[in-house]
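This briefing goes through the overall dimensions, the fold pattern, a pair of strand residues and a pocket, in that order. Please read it alongside the sequence and the coordinates.

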Amino acid sequence: QIQNHISASVQELIESKNITPSSRPEVEILSFDEESGLSVRIVLEILPEMPAIKWEDIEVERIQIKISDKEIEEAKNNLLKEFREYKDAPEGYAAKNGDKINFDFRGQIDGKDFDGNSGEKMELAIGEKYFLEDFEKQLVGCKVGEDKSFDIVFPKDYPQEDLALKTATFTITVNNVMEFEPIKEVNSTILKKIGVESEEKLNQLIKQKLTLDSVGMIRARMKKELFDKIDSEYTFDLPIKMVEQDFDIIWKEIEKN
């Protein structure tokens, strides 16, 4: 009953004052007895009176989306990773991102071995992040028969907690380098596994996906440009709680990422 009376009083206050709350009202019961009845304190923030914005005077650049054939090919090669093909690299060839490399390695921290510090004839495609990203970057430019040493700092969230934030010195020997070959033809076997009837249809789907991804980024950019112009040309008060709530949402997203 008390809650119903309070809710009715809040609604009556809002309607009689012709105001628009920006957040849920705060209600504090000051006193309640049979003689004086119910006394409450109601605190609410209201939306400000907005200035008349001349929308016709605000110009925002509209970006046209153009997906190139090169972007489609790059996306397709990334999609078809499991079907990648490699060829023996020519003598003196320096490994690049995407190439497959076979190597031996050994790592030490302060001159001492640690769990999982060595391996022989390890094989990986550079850039696939099967090893630490900083480790794989050191493989770029390596040649067959090359020995190389470098330091790596383990990240703070490394699964082996005893290695987190520690610096290890690695020595590698490159046994072989296989050069990545872009897929020149998507055959019927690959198409069947993907679930499309033709490479043309696959290209169309990839283009649609790239376009949709671009639309989201373009909308975000246009929205920011619009808000920046309004912010620079118009001034009005903002409810404190609304600002705090928006800040909390943004900050949580930053911490999450």
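In this predicted model, the chain has a radius of gyration of 31 Å, whereas a compact globule of 257 residues would have one near 18 Å. The C-alpha trace spans about 95 × 55 × 40 Å along its principal axes.

**Surface and contacts of the chain**

- Of the 257 residues of the chain, 23% count as buried.
- When contacts between residues at least 6 apart in sequence are considered, 63% of them join residues that are at least 24 apart.

**Secondary structure**

- The chain contains six helices and seven strands, and these elements follow one another along the sequence in the pattern α-β-β-α-β-β-β-α-β-β-α-α-α.

**Asp88 in strand 3**

- Asp88 belongs to strand 3, which covers residues 85–88, and this residue counts as exposed because its relative accessibility of 59% is over the 50% cut-off.
- Although Asp88 and Met178 are separated by 90 residues in sequence, their C-alpha atoms lie 4.8 Å apart in space.
- With residues up to four places away in sequence not counted, Asp88 touches Asn176, Val177 and Met178.

**Glu179 in strand 7**

- Glu179 is found in strand 7, which runs over residues 167–181.
- The relative accessible area of Glu179 is 16%, which is under the 20% cut-off, and therefore Glu179 counts as buried.
- Once neighbours within four places in sequence are left aside, the contacts of Glu179 include the charged residues Glu85, Lys87, Lys96 and Asp99.
- Glu179 is also in contact with Tyr86, Ala89, Pro90 and Tyr93, under the same exclusion of sequence neighbours.

**The largest pocket**

- The largest pocket has a volume of about 270 Å³, and the residues that line this pocket are Phe227, Ile230, Asp231, Tyr234, Thr235, Phe236 and Leu238.
- Sorted by class, the lining of the largest pocket comprises five nonpolar residues, one polar residue and one charged residue.
- Within that lining, Asp231 is the charged residue and Thr235 is the polar one, given how the residue types are assigned to classes.

Definitions and conventions. Residues are numbered from 1 along each chain as its sequence is written. This is a predicted model: local features need pLDDT of at least 70, side-chain atom pairs count only at pLDDT 80 or more; totals for chains, interfaces and linings use all residues. Side-chain values use heavy atoms; hydrogens and water are left out. On a 1 Å grid over the protein atoms alone, a cavity is a set of points where a 1.4 Å probe fits but cannot get out, and a pocket is an open set with protein on both sides within 12 Å along at least five of seven lines; lining residues have an atom within 4 Å of a point. Grid points are joined across faces, edges and corners, and a volume is the space filled by probe spheres set on the points. Helices (H or I, at least four residues) and strands (E, at least two) are DSSP runs, numbered from the N terminus. The radius of gyration is taken over C-alpha atoms; the globule rule is 2.2 Å times the number of residues to the power 0.38. Buried means under 20% relative accessible area, exposed over 50%, partly exposed in between (1.4 Å probe, protein chains only). Contact means heavy atoms within 4.5 Å.
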